[in-house]
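Subject: A structure for you to look at

Hi,

Here is the structure I promised to pass on. Have a look at it first, then read my notes below.

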Amino acid sequence: MDLEKYLSDEDNSKLLKQKDYAFNEEKLIEKKSMILISVFAGIFGVDRFILGDKIRGILKGTTFVALLAGIMTVVCIIAGKVFDYYSGITGSSMTITWQDNVRIAGQGLANLAYSLIALLVIYIVFAIVDGVLCYQKNMKINYKLLQSQLNNN
């Protein structure tokens with residue numbers, strides 16, 4: 001059996017030195033699959049669900065959705081205030097800059113938007129680090145499952 005798709009090279013060599021027989025592959029998650037899940041769906045907490053950490057998966061997904069909702073709400077409030085301000089002006093075309101938006105909506109709302117965007121960037125970095133940790137946890141789980149199969153036979 002080719003264990004390279006489930007384990008690191010070091011763990012693979014450790015297990016193959018003990019015994020050589022057919023392993024049960026039902027509960028194992030491939031390395032490539034875990035990497036893809038962590039990269040593309042990890043920001044929503046799917047990688048944590050797959051590893052059995054349901055609470056952390058819910059927290060991870062809820063945090064991302066809450067940050068996006070907060071950013072969208074603040075941007076819509078700013079856009080609404082700006083639209084209401086300029087809807088009374090007719091007959092001339094003008095270019096509206098971000099400074100105009102801040103002047104109309106207020107510096108407090110602009111600072112809130114900046115803060116939420118900074119939190120989103122920090123969250124994305126956290127999701128990347130957590131994806132690496134999920135990958136490592138998957139390797140440990142696979143190793144323990146295969147080790148227990150060896151010990152049982």
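The protein chain has an average pLDDT of 82, and 83% of the residues score at least 70. Among its elements, helix α3 (residues 46-51) has the highest mean pLDDT, 91, while helix α1 (residues 9-18) has the lowest, 69. Where pLDDT is low, the predicted coordinates should not be read in detail.

Now the overall picture. You'll find six helices and zero strands in the protein chain. There are 153 residues, and 35% of them count as buried. The protein chain exposes about 9800 Å², with carbon and sulfur atoms supplying 64% of that. If you take the contacts with a separation of 6 or more, 62% come from residues 24 or more positions apart.

Next, zoom in on helix α5, which covers residues 98-105. Its buried residues are Asp 100, Asn 101, Val 102, Ile 104 and Ala 105. After α5 comes Gly 106, with a positive phi near 110°. Then look at helix α6, residues 107-152: α5 and α6 pack at an angle of about 120°, and their axes are 6 Å apart.

Which residues in α5 and α6 meet? On the α5 side they are Trp 98, Val 102 and Ala 105, and on the α6 side Gln 107, Leu 109, Ala 110 and Tyr 114. Sorted by class, this contact has six nonpolar residues, one polar and no charged ones.

One last stop: Leu 116, which also sits in α6. Is Leu 116 buried or exposed? Its relative accessibility is 15%, and buried means under 20%, so Leu 116 counts as buried. Setting aside neighbours within four places in sequence, Leu 116 is in contact with Leu 67, Gly 70, Ile 71 and Val 74.

Happy exploring!

Key: Residues numbered from 1 in each chain as written. Predicted model: local features only at pLDDT ≥ 70, side-chain atom pairs only at ≥ 80, totals over all residues. Heavy atoms only, no water. Buried < 20%, exposed > 50% of the residue type's maximum accessible area, 1.4 Å probe, protein only. Helix = DSSP H or I, 4+ residues; strand = E, 2+ residues; numbered from the N terminus. Axes fitted to C-alpha atoms, helices over the stretch in contact; angles between N-to-C directions. Contact = heavy atoms within 4.5 Å. Nonpolar A, V, L, I, M, F, W, Y, C, P; charged D, E, K, R; others polar. pLDDT = per-residue confidence, 0-100. Areas by Shrake-Rupley, 256 points an atom, 1.4 Å probe, with all protein chains shown as cover.
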